[in-house]
Amino acid sequence: MTTAEPVYWDPFDAALARDPYPLYARLREEAPLYYNDRHDFYAVSRYTDCQRGLADWQTFSSARGDILEIIQANIELPPGTLIFEDPPVHDIHRRLLARLFTPRRIAQLEPQIRAFCERVLEPVAGAERFDLVEAVGAEMPMRVIGMLLGIPEADQPTYRDRTDAALETEDGGRIDHEEILITEGFQEYLEWRKKHPSDDLMTELMTAEFEDETGQRRTLTDEEVLTYCSVVAGAGNETTGRLIGWFGALMARYPETRRELVADPSLIPNAIEEILRFEPTGPFTARYVTKDVEFHGGTVPAGSAILFIQAAANRDPRRFDDPDRFDIHRVSQHMSFGVGAHYCLGAALARLEGKVAAEEILRRFPDWEVDWDAAELAQTSTVRGWKTLPLVIRGA
Ligand code: HEM
């Protein structure tokens, strides 16, 4: 549907957070290559364009960051921030971290994740209402990262608060690039861990040998270990927390699906995929353009910033039948974990967290509504999701 006014999209516009999808549909159809002159960036929104661009790191570089305002601030980022690097250095750093995200290590976390869910859901058992984000979503992902890193349980809330403070922007706001890496909190833990090595990610990071980009075999410096910890904490926290919020919201909006999942929990993993497609917690990813490139007959000049809108690609009718229908039985193949060299290293962990949380919530609370008037949705420049999601429990 074309309207008289040319389509205008401002990724910092907080008012768009509630329902950005009609605007994304207009971008896909009316401006498949979009340019915003106020914030000086390009954007593409069709599935094939996002896939092509995100897979092509030579043209669409991550070396200046993957967040629009970080790219535009043109700051020097320390080595080891693999999200903000290109191959070949990126691949060396990623291989090192990937060794630690093995399927075995992730699977081993399941009983601990379940025990954590049981513990936080216990106090709300029998309640008539509770905030799902506060009870589970806000805390669980950083706890799980703590389990992975081996942070002693008593210290974990402190680490979560530090990471949240660094990543949280005001609604519609921008990330403060001075705060993008939070290594300070992990420093004390690193010192402690050196004296108490164990079977955890931090110990392995300190002791893993690898060949660096100069061909030298070595272990990571303390500073590099801290950067890695901070990258994992930054990438895996709010993204996964918001997924749990979307689960709560969509299960209230689609009660028949919720009943289906209660009757057959084996459908939960595919439901998580559909939630990730339908409401991706990270709606878009930015890149720096290294050489002139064409989309739909228009040129994006070298030196530009471009946004790949995965949330729009996930609903491209060229790729998905009836894309605005929430259907937990479809084979999703969404783009919410990225594409290519930077494909999310924590995807298996995020899926596991989503599955375990969904199982534990549905087992205790098979029927709920959301108090929509009290619920609060927020979009920052990196994530979109519920800050507050009060569930009203039926049959409590
Ligand atoms: C629902 C939850 C999550 C979503 C939607 C998500 C999404 C993404 C996306 C889109 C990227 C690619 C960014 C880019 O191309 O610039 C990415 C990268 C990454 N993610 Fe996740 N993520 C989630 C959870 C996690 C978790 C739980 C962890 C770890 C504990 C994690 C660790 C990482 C890392 C280390 C990278 C960088 C990979 C690289 O640059 O090679 N993520 N994630």
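The dialogue below concerns aromatic rings in this predicted model.

Q: How is a pair of aromatic rings described?

A: One gives the distance of the centres and the angle of the planes.

Q: How many aromatic pairs does the structure hold?

A: There are 18 aromatic pairs in the structure. One of them joins Tyr47 and Phe320, with 5.7 Å from centre to centre and 80° between the planes, an edge-to-face arrangement.

Q: Where in the chain do Tyr47 and Phe320 lie?

A: Tyr47 belongs to helix α2 (residues 47-55), whereas Phe320 is in the loop between α16 (310-313) and α17 (347-364). The two are 273 residues apart, and the pair thus links distant parts of the chain. Both Tyr47 and Phe320 are buried.

Q: Why is the pair of Tyr189 and Trp192 called stacked?

A: The planes of Tyr189 and Trp192 meet at 25°, and planes under 30 degrees apart count as stacked, so the pair receives that name. The ring centres are 6.1 Å apart. Both residues lie in helix α10 (residues 184-195), separated by 3 residues, about one turn of the helix.

Q: Are Tyr189 and Trp192 buried or partly exposed?

A: Tyr189 counts as buried because its relative accessibility is 2%, under the 20% limit. Trp192 has a relative accessible area of 35% and is partly exposed.

Q: Which residues do ring pairs link into a cluster?

A: The cluster consists of Trp9, Tyr21, Tyr24, Tyr34, Phe41 and Phe284.

Q: Which ring has the charged end of Arg315 over it?

A: The charged end of Arg315 sits over the ring of Phe278, at 3.9 Å from its centre. Arg52 lies over the face of Phe295, 4.2 Å from the ring centre.

How values were computed:
Residues are numbered from 1 along each chain as its sequence is written. This is a predicted model: local features need pLDDT of at least 70, side-chain atom pairs count only at pLDDT 80 or more; totals for chains, interfaces and linings use all residues. Side-chain values use heavy atoms; hydrogens and water are left out. Rings of Phe, Tyr and Trp (its six-membered ring) pair if their centres lie within 6.5 Å; planes under 30 degrees apart count as stacked, over 60 as edge-to-face and the rest as tilted. Helices (H or I, at least four residues) and strands (E, at least two) are DSSP runs, numbered from the N terminus. Buried means under 20% relative accessible area, exposed over 50%, partly exposed in between (1.4 Å probe, protein chains only). A charge sits over a ring if NZ of Lys or CZ of Arg is within 6 Å of the ring centre and within 35 degrees of the ring normal.
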